[in-house]
Amino acid sequence: MPNPIASELAKSVFLKTMGGLLPRLPLPVLWGLGDALGRVFIGEKGNVIKDQLKTLLPGVTPQQLDKILIQAMRNFRKDLLEIWTFPAMTQQRINSMVTFTGKEHLDAALAKGKGAVICLAHFGSWKIILPALAYNGYKVHQSLPIPMYLYEKMSHTHITPL
């Protein structure tokens, strides 16, 4: 079983040494690094994903499970590296990563003066949407529903479920 303290220490060392470099890397290099890290560092999360895949896809062979898992971890690591670049992001860089389609619908909704709600699915690099909107001049607020089982455990906080 992986040591969580060692894992956090490794992450901290990586961020302290590479944190300033990551935002300056060309995007293909950043994504290539994510690909490589996803192939090498699978960890405990990989076992959880594999167990879930076995349940969801009972007819899949072990080789197919490994292939799906590696692709998932590659995407996860690329997403993580992108998130770590957010503090040093620029509008030019984010616009080279994100393509908006249908923005006229958002603009039309906002023109009514009552704001707009955007619902996102967990496809692709979905976390980059909020900074992309913000860097392009939109005022952004994030809201997320808290599952009731979590809300009940957190009843001592000042959080109201949606």
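User: Which residues have the most contacts inside the largest nonpolar core?

Analyst: A nonpolar core is a set of buried Ala, Val, Leu, Ile, Met, Phe, Trp, Tyr and Cys residues joined through side-chain atoms within 4.5 Å. Buried means under 20% relative accessible area, exposed over 50%, and partly exposed in between (1.4 Å probe, protein chains only). The largest such core has 13 residues, and those with the most contacts inside it are Leu30, Ile94, Met97, Val98 and Ile128.

User: Which element gives the most residues to this core?

Analyst: Helices are DSSP runs of H or I with at least four residues, strands are runs of E with at least two, and both are numbered from the N terminus. Two or more residues of this core come from each of H2 and helix H5 (91-97). The element that gives the most, with three residues, is H2.

User: What kind of model is this, and how are residues and side chains treated?

Analyst: This is a predicted model, in which local features need pLDDT of at least 70 and side-chain atom pairs count only at pLDDT 80 or more, while totals for chains, interfaces and linings use all residues. Residues are numbered from 1 along each chain as its sequence is written, and side-chain values use heavy atoms, with hydrogens and water left out.

User: How far does H2 reach from its first C-alpha to its last?

Analyst: The expected span of a helix is 1.5 Å times one less than its number of residues. H2 has 14 residues, and the expected value at 1.5 Å a residue is 20 Å. The buried residues of H2 are Leu27, Leu30, Gly34, Asp35, Leu37 and Gly38. From first C-alpha to last, H2 reaches a distance close to the expected one, namely 20 Å.

User: Is Leu22 buried or exposed?

Analyst: Leu22 sits in the loop between helix H1 (4-18) and helix H2 (27-40). Contact means heavy atoms within 4.5 Å, and Leu22 touches Phe14, Leu30, Leu33, Leu81, Trp84, Thr85 and Arg93, not counting residues up to four places away in sequence. Because its relative accessible area is 0%, Leu22 is buried.

User: What separates the C-alpha atoms of Leu22 and Phe86?

Analyst: Leu22 and Phe86 are 64 residues apart along the chain.

User: Which residues is Leu30 in contact with, leaving aside its neighbours within four places in sequence?

Analyst: Leu30 is one of the buried residues of H2. It is also among the residues with the most contacts inside the largest nonpolar core. Leaving aside neighbours within four places in sequence, the contacts of Leu30 are Leu22, Leu25, Leu81, Glu82, Thr85 and Arg93.

User: What relative accessible area does Lys78 have?

Analyst: Asp35 is buried at 18%, and Arg74 is buried at 16%. Lys78 lies in helix H4 and Asp35 in helix H2, so their pair ties together parts that are 43 residues apart in sequence. Lys78 is buried too, with a relative accessible area of 19%.

User: Which residue forms a salt bridge with Lys127?

Analyst: Lys127 is in the loop between helix H6 (103-111) and helix H7 (129-135), and its partner is in helix H4, 48 residues apart. Lys127 counts as partly exposed at 32% relative accessibility. The closest N and O atoms are 2.9 Å apart, and the partner is Asp79.

User: Is Arg77 buried or exposed?

Analyst: Arg77 lies in helix H4. Leaving aside neighbours within four places in sequence, Arg77 is in contact with Gly34, Leu37, Gly38, Phe41 and Ile42. Its relative accessibility is 17%, so Arg77 counts as buried.

Technical notes
A salt bridge is a side-chain nitrogen of Lys or Arg within 4 Å of a carboxyl oxygen of Asp or Glu.
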